[in-house]
Amino acid sequence: MVGTSLKTSEFVLSLKTPLAVGAVVISCAAPRASAQDAAPPPALLAGAFSAAQAARGEETFKEVCAACHNIDEMAGARFRSSWADQTAGDIFDFLSNAMPQGDPGSLTPEEYRNIIAFFLNRSGYPAGERELPVDKAELSKLRIVALSK
Ligand code: HEC
């Protein structure tokens, strides 16, 4: 008797489980489908920094970062692959939390933005008329998109 009732409850469980899993999959798939319809985030290719801002970033890089880093080893293809699909806001967070090593966060937010502009400039992204946005939420909308060449 005991054996029979156990088998019954096992059967009920195994019948319910696939249904529950199916329901979860469906509810996850719906938001994904609508996210694909949404407009892609603005790309850095649109010239979101100016050449003057990149030049200021280069000055700071020489003063603060060049003791440990060579820009030619950090920019270009290496920059594009390490930051692909992340945003300028992610770079800002990394730099302001970790660099310069030994004294992280010691630069002003503007100096960190200028250095990001310098990296972009040396990594093949075209400069434009604007400067990188001061607002962090705006900075985080600027996605590092792969360059076509
Ligand atoms: C005292 C030496 C030192 C200084 C100064 C320094 N860094 Fe770094 N940096 C490091 C080390 C070591 C690593 C690798 C370890 C890590 O990722 O934390 C690193 C990693 C990095 C990385 C990620 C890896 C890469 O090569 O892309 C970036 C970007 C970076 N540093 C940027 C900067 C910038 C910008 C400055 C100046 C504001 C700076 N660093 C100053 C030592 C330094």
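How far apart are the end C-alpha atoms of helix H6 (residues 109-122), and what should its 14 residues span?

## Helix H6

The end C-alpha atoms of H6 are 20 Å apart, which agrees with the 20 Å that its 14 residues should span at 1.5 Å a residue. The expected span is 1.5 Å times one less than the number of residues. Helices here are DSSP runs (H or I, at least four residues), numbered from the N terminus.

This is a predicted model: local features need pLDDT of at least 70, side-chain atom pairs count only at pLDDT 80 or more, and totals for chains, interfaces and linings use all residues. Residues are numbered from 1 along each chain as its sequence is written.

Ten of the 14 residues of H6 are buried, so H6 is largely enclosed by the rest of the structure. Buried means that 20 or more other C-beta atoms, placed from the backbone, lie within 10 Å of the residue's own. Among the buried residues are Tyr112, Arg113 and Phe118. Their cover includes H2, helix H4 (77-83) and H5. Just after H6, glycine 124 takes a positive phi of about 95°.

## Glycine 89 in H5

Now look at H5, where glycine 89 lies. Glycine 89 is buried, because 20 other C-beta atoms lie within 10 Å.

Leaving aside neighbours within four places in sequence, glycine 89 is in contact (C-beta atoms, placed from the backbone, within 7 Å) with Lys136, Leu139 and Ser140. The C-alpha atoms of glycine 89 and lysine 136 are separated by 6.5 Å, though the two residues are 47 apart along the chain.

Definitions and conventions:
Helices (H or I, at least four residues) and strands (E, at least two) are DSSP runs, numbered from the N terminus. A residue is buried if 20 or more other C-beta atoms lie within 10 Å of its own, exposed if 12 or fewer, and partly exposed in between; C-beta atoms are placed from the backbone. Two residues are in contact if their C-beta atoms, placed from the backbone, lie within 7 Å.
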